[in-house]
Amino acid sequence: MNSGHFELFDLLRDCSNSFQTPILVFNNNEKLIRHFPDQFHRPPKIFHKEFYQRLRDSKNHPFQLQLFSDIYYQYFFFYPVKNYIGEFTYIGIGPYLMQEIGRFQVRKMLVLYGMDFSYEGETVEYFSKLPIIDIKKLESMERLLNTLLPGKTESRSIGQLPNEEWEDYREFKSNHLNAEFSRHLLELNENFNRYFKQGDGRALKEYQKLRRSSLFPLGNGNAVRSAKNNIITLISKLTRIAIEEGIAKGEAFSLHDFYINYLESKEDTEELALLELKIVQAYLNVMKQRTQNSLISPLVHRAKNYIYQNLTEEINLKIIAEELHVNPNYLSSVFNKDTGVSITTYINEQRVKEAKELLTNTQYSLMEISILLGYNSQSYFTRVFKKHEGMSPKDFRQKLQSAHLL
């Protein structure tokens, strides 16, 4: 191994320490040959197929930093390095998360994708050890990595040929930076952010202008992947703004989780374009309630977040009050005053929302869904669902199926 490799590994070690994020190096045979830090927490085996598929996808465009996500809430940067005989070394930055993933999200993931529940404990532990990175830090990481990682003309010391495509890549980066910081783009972005924070419907029109001016190919030749990666960036941005403006994390991340997973089921750019606007509208609808939400006390925000993270468990007023170290009567009074509903009603509303998602996107039985969502019996689950939706979960699913056939 030459000195160039050692220099690169030293650089990757420093990046891992600075970002507090795992960095992995794979050889041409997709074998892990180095990792930073030294004590890397390996993912469950059920994650491997998805990860290695993303790894292979990246090789179509060597020497370009590529952002990927997977159905397991994970994010990665991949940077494929190609030598003079066509062999690859893959640099993977990640995995990392954009939010905390608890037992409820893990169980929902296992159900949605038909996975073995024996992996639940291992998966919960694995997620607890991954770094959580917000969109601002993600953008900083991307800028630094694009500067630090070697291009073909810069990599002759590690056995690379001169880069015939380097001028094209430099032009791409230059265009990206020029557009990103142009006055026109900044104005569009400011307009969108202002209207979005106000819950103003004009935000959607501003986003369409912004989209036409600022989207860049993040899939490196793969139009579908590029569209998905742009939507991932959008979802992360809207989630961050929503939380900063007072929307409960549970509510914001419920949208985040749903659309991050849902978009991976789309394989058509036209469908993704429609989904993108639908996502903006969904977040905009939440922001229209900002004035009401901004009046909610921090205690109620904490209670809502705890409920969302523990929907699969037995939760009630007493348990939540103990977890938050407050008097149950006081919590009940504050929660009812701020939200207009009791904690029990709110818990059931959230469970019904999740039930609707499962009824829409999976073929799991009503019994399986009721168990997943923490109900003691299917009949009680059916009663609660009907009370909130005006129809039974069975009728809800049949209505969806009938509409799909039309």
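This is a short tour of a predicted model, stop by stop.

**The whole chain**

Start with everything shown. The chain has 406 residues, and 50% of them are buried. The exposed surface comes to about 20,300 Å², with carbon and sulfur atoms supplying 49% of it. Among contacts with a separation of 6 or more, 63% join residues 24 or more positions apart.

In what order do the five strands of the open sheet lie? The order is 2-1-5-4-3, and the pairing is antiparallel. Strand 2 (32-36) and strand 3 (66-69) are the edge strands, each pairing on one side only. On average, neighbouring strands are turned by 25 degrees against each other, direction ignored.

Zoom in on residues 23-26, which form strand 1. Strand 1 pairs with strand 2 over four bridges, in the antiparallel sense. Pick F26, then look across to strand 2: L32 stands opposite.

**Helix 9 over the sheet**

Select residues 223-244. This is helix 9, and it lies across strand 3 and strand 4 (75-82). Helix 9 runs at about 75 degrees to strand 3.

**Salt bridges**

The whole structure holds five salt bridges.

Show the side chains of R13 and D10: they meet in a salt bridge, 3.1 Å from N to O.

Next, select E30 and R56. Their closest N and O atoms are 3.0 Å apart, in a salt bridge. E30 sits in the loop between strand 1 and strand 2, while R56 belongs to helix 2 (residues 48-58). The pair is 26 residues apart and links distant parts of the chain. R56 is partly exposed, at 37% relative accessibility.

Finish back at helix 9. Which residue forms a salt bridge with K228? The partner is E267, with the closest N and O atoms 3.0 Å apart. K228 lies in helix 9 and E267 in the loop between helix 10 (249-263) and helix 11 (269-287), so the bridge ties together parts 39 residues apart in sequence. Is each end buried or exposed? K228 is buried, with a relative accessible area of 3%, whereas E267 is exposed, at 54%.

Key: Residues are numbered from 1 along each chain as its sequence is written. This is a predicted model: local features need pLDDT of at least 70, side-chain atom pairs count only at pLDDT 80 or more; totals for chains, interfaces and linings use all residues. Side-chain values use heavy atoms; hydrogens and water are left out. Two strands pair if DSSP finds at least two bridges between them. Helices (H or I, at least four residues) and strands (E, at least two) are DSSP runs, numbered from the N terminus. Axes are lines fitted to C-alpha atoms, for helices over the stretch in contact, and angles run from 0 to 180 degrees between N-to-C directions. Contact means heavy atoms within 4.5 Å. Buried means under 20% relative accessible area, exposed over 50%, partly exposed in between (1.4 Å probe, protein chains only). Accessible areas come from the Shrake-Rupley method with a 1.4 Å probe; for residues, only the protein chains shown count as cover. A salt bridge is a side-chain nitrogen of Lys or Arg within 4 Å of a carboxyl oxygen of Asp or Glu.
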